[in-house]
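Visitor: I have a model open and would like to go through it with you. Can we start with the charged pairs and then move on to the chain contact?

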Amino acid sequence: MTTVIPFGPQHPVLPEPVSLKLEIDNDVVVGALPSLGYVHRGLEKFIDTKDYNQTTYICERICGICSALHGITYTKAVEKLFDAEIPERAEYIRVIVGELNRLHSHLLWLGLFADGFGFESLFYECWKYREEVLDVAERITGNRVIHSISKVGGVSRDLTKENIDMLLKMCDSLEPKIKDIEKVFVNNYTVKQRLVGLATMSKQLAYEAGTAGPTLRGSGNAIDVRETADWDIYKDLGFKTAVAKEGDCYGRTKVRIDELYESIKLIRNAISKLPNGDIATPIKGFPTGEAIMRTEQPRGEVVYYVKGNGTKNLERLKVRTPTFANIPSLLLMLPGVRLADVPIVVLTIDPCISCTER
Amino acid sequence: MLENTIEATEIKSSGELLKTIEGLKSDGYRYSTMICLKANEGHDFIYVFEKDNKLKNLRYFVKPGEKPKSVSGIYLCALLIENEYQDLFGLTFEGLAIDYKGHLYLTPNSPKAPLA
């Protein structure tokens, strides 16, 4: 006989409200039904009242973790409508701030994840290291939470010599610390006991389920939008997709740790190749036409669709966030999992509900 | 006529739509998203699929009053976006794998179909 119990919307491991109706047989999940709607803000409707430049700030507020990448993706989509050529220096600065987003997002997630399986000291360590990233991001963008850097036509702030020194110092400081926490996440007996073999998705299943980001790559799919032609600067920076074959919670964790090293490498390479010149090009007129832009956020691929009709307001903005793509995979991952492991499995998709509901 | 539109294959009927999407799944395409736009009293759907980091788009016009067919039977992950459009555009999809009946985001007291 099965019982249906609620998981969330308020739960100690969930930073944001999402509800799951879990159908359990003894303590094993046999079915799960996600329920949303606690933080829907109607941001796609809200742009009716904002012009296409102001919409950048709306997009940055879709998420408090990957704010810069939302702004970057939106502005790149609008730039496609104008067929605008953006100064190379601006593109490099976007990459640097985007990778800072990824660094602090993954460190935040690793901390929450450690907390989720009861490893409090590991949680403290991850969040302590995250502070170093936030300090630099705050100095560069002027804000601790919403890292606003991108505008249609380029970026709004240049990197100073002081910013670059801070970035390099942060990279040097962070790398050995990540090695330390990696040892625990990857090799610790207790951690492995909780993660290995839990909520496994095969390579094919993760692909067909439309998952994105570390959830997709943790099942052996080497798919990362940073490899696409839409933002070809990553090819010049020696980007390499992080992938794990396990397909379980352990694999998804390993991908995120590998991506921390990759982000540090990308920041260093972007600084070493940072060209001189302008940081923005003037954009005149109003957007017309349609464009799709994709970038790789910390949680996976985000898809922006914009449609302009020659007025100052966009006719349509559509945002498909990575958590939106990953939530349906919970329907496939949770059956067979014991109730005590549900929080860990839910956390491995790194759910961002503000992104999902917009 | 709008210029600078995205490349998309025009689909004429719901039968053709489902058949084409089944074909895309067999060819190894991943479901990325669906975009819904108001158009000529009806709605334009743009289905976005991805394979080898390249996008393939399908465009299908939903006539006024037409109940579009759900593709969640082919790609389960489509259920969330289709439910979202039931909320935001007041559409009714036929054959949804899980139907929230217009209450994925919206409560009974919310504005009705705010994007419609």
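Visitor: Lys76(A) and Glu91(A): buried or exposed?
Guide: Both Lys76(A) and Glu91(A) are buried. Keep in mind that this is a predicted model. The two residues form a salt bridge, with 2.9 Å between the closest N and O atoms.

Visitor: Which elements do Lys76(A) and Glu91(A) lie in?
Guide: Lys76(A) is in helix H3 (residues 67–82) of chain A and Glu91(A) is in helix H4 (residues 88–116) of chain A, so the pair ties together parts that are 15 residues apart in sequence.

Visitor: And how many salt bridges over all chains?
Guide: The count is 42. One of them joins the side chains of Arg316(A) and Glu44(A), at 3.1 Å from N to O. Arg316(A) belongs to strand S8 (residues 314–320) of chain A and Glu44(A) to helix H1 (residues 43–46) of chain A, so this pair ties together parts that are 272 residues apart in sequence.

Visitor: Is that one, Arg316(A), buried or exposed?
Guide: Arg316(A) is buried, at 6% relative accessible area. Glu44(A) counts as buried as well, at 7% relative accessibility.

Visitor: What about Arg102(A), which residue does its side chain meet in a salt bridge at 3.0 Å?
Guide: That is Glu99(A), with the 3.0 Å taken from N to O. Arg102(A) and Glu99(A) are three residues apart in helix H4 of chain A, so about one helical turn separates them. Both Arg102(A) and Glu99(A) are buried.

Visitor: Which residues are linked with Glu99(A) and Arg102(A) in a network of salt bridges?
Guide: Arg217(A), Asp224(A), Arg226(A), Glu259(A) and Glu296(A) are linked with Glu99(A) and Arg102(A) in that network.

Visitor: Switching to the chain contact. What area is buried between chain B and chain A?
Guide: About 3,300 Å², and carbon and sulfur atoms give 61% of that. Arg30(B), Asn53(B) and Tyr105(B) supply 22% of the area that chain B buries against chain A, more than any other three residues.

Visitor: How many residues does the contact take from each chain?
Guide: It takes 43 residues from chain A and 42 residues from chain B.

Visitor: And how many salt bridges and polar contacts between chain B and chain A?
Guide: There are four salt bridges between chain B and chain A. Residue pairs in polar contact number 12, with both residues at pLDDT 80 or more.

Visitor: Which elements of chain B give two or more residues to the side that touches chain A?
Guide: Strand S2 (30–39), strand S3 (42–51), strand S4 (54–62) and helix H2 (78–89) of chain B do. S2(B) gives the largest share of that side, with eight residues.

Visitor: Back to Arg30(B). Which residue forms a salt bridge with it?
Guide: Glu301(A) does, and the closest N and O atoms of Glu301(A) and Arg30(B) are 3.4 Å apart.

Visitor: Now the surface. Which residues form a nonpolar patch there?
Guide: Leu205(A), Leu332(A) and Leu76(B) do, with about 190 Å² of accessible area together. Leu332(A) is in helix H12 (residues 322–333) of chain A. Leu332(A) has 33% relative accessibility and counts as partly exposed.

Visitor: Next, the loops. Where does Asp350(A) lie?
Guide: Asp350(A) is in the loop between helix H13 (342–348) and helix H14 (353–357) of chain A. Asp350(A) is buried, at a relative accessible area of 4%.

Visitor: And what does Asp350(A) touch, not counting residues up to four places away in sequence?
Guide: With those neighbours left out, Asp350(A) touches Ser105(A), Trp109(A), Arg256(A), Arg299(A) and Thr323(A).

Visitor: Last topic, backbone angles. What is phi of Asn26(A)?
Guide: Phi of Asn26(A) is near 55 degrees, a positive value in a residue other than glycine. Most residues other than glycine have a negative phi. Asn26(A) is in the loop between strand S2 (19–25) and strand S3 (28–35) of chain A, and Asn26(A) is exposed at 69% relative accessible area.

Visitor: And phi of Ala199(A), what is that near?
Guide: Phi of Ala199(A) is near 50 degrees, also a positive value in a residue other than glycine. Ala199(A) sits in the loop between helix H7 (189–195) and helix H8 (203–208) of chain A. At 7% relative accessibility, Ala199(A) is buried, whereas Asn26(A) is exposed.

Terms used: Residues are numbered from 1 along each chain as its sequence is written. Chains are lettered from A and ligands numbered from 1 in the order in which they are written. This is a predicted model: local features need pLDDT of at least 70, side-chain atom pairs count only at pLDDT 80 or more; totals for chains, interfaces and linings use all residues. Side-chain values use heavy atoms; hydrogens and water are left out. Patches are made of residues with over 30% relative accessible area and no salt bridge: like charges are joined within 9 Å, nonpolar side chains (Val, Leu, Ile, Met, Phe, Trp, Tyr) within 5 Å. Accessible areas come from the Shrake-Rupley method with a 1.4 Å probe; for residues, only the protein chains shown count as cover. Helices (H or I, at least four residues) and strands (E, at least two) are DSSP runs, numbered from the N terminus. Buried means under 20% relative accessible area, exposed over 50%, partly exposed in between (1.4 Å probe, protein chains only). Contact means heavy atoms within 4.5 Å. Buried area is the accessible area (1.4 Å probe) that two parts lose on being put together, summed over both. A polar contact is a pair of N or O atoms within 3.5 Å; within protein, one must be able to donate a hydrogen and the other to accept it, and residues adjacent in sequence count only if both atoms are side-chain atoms.
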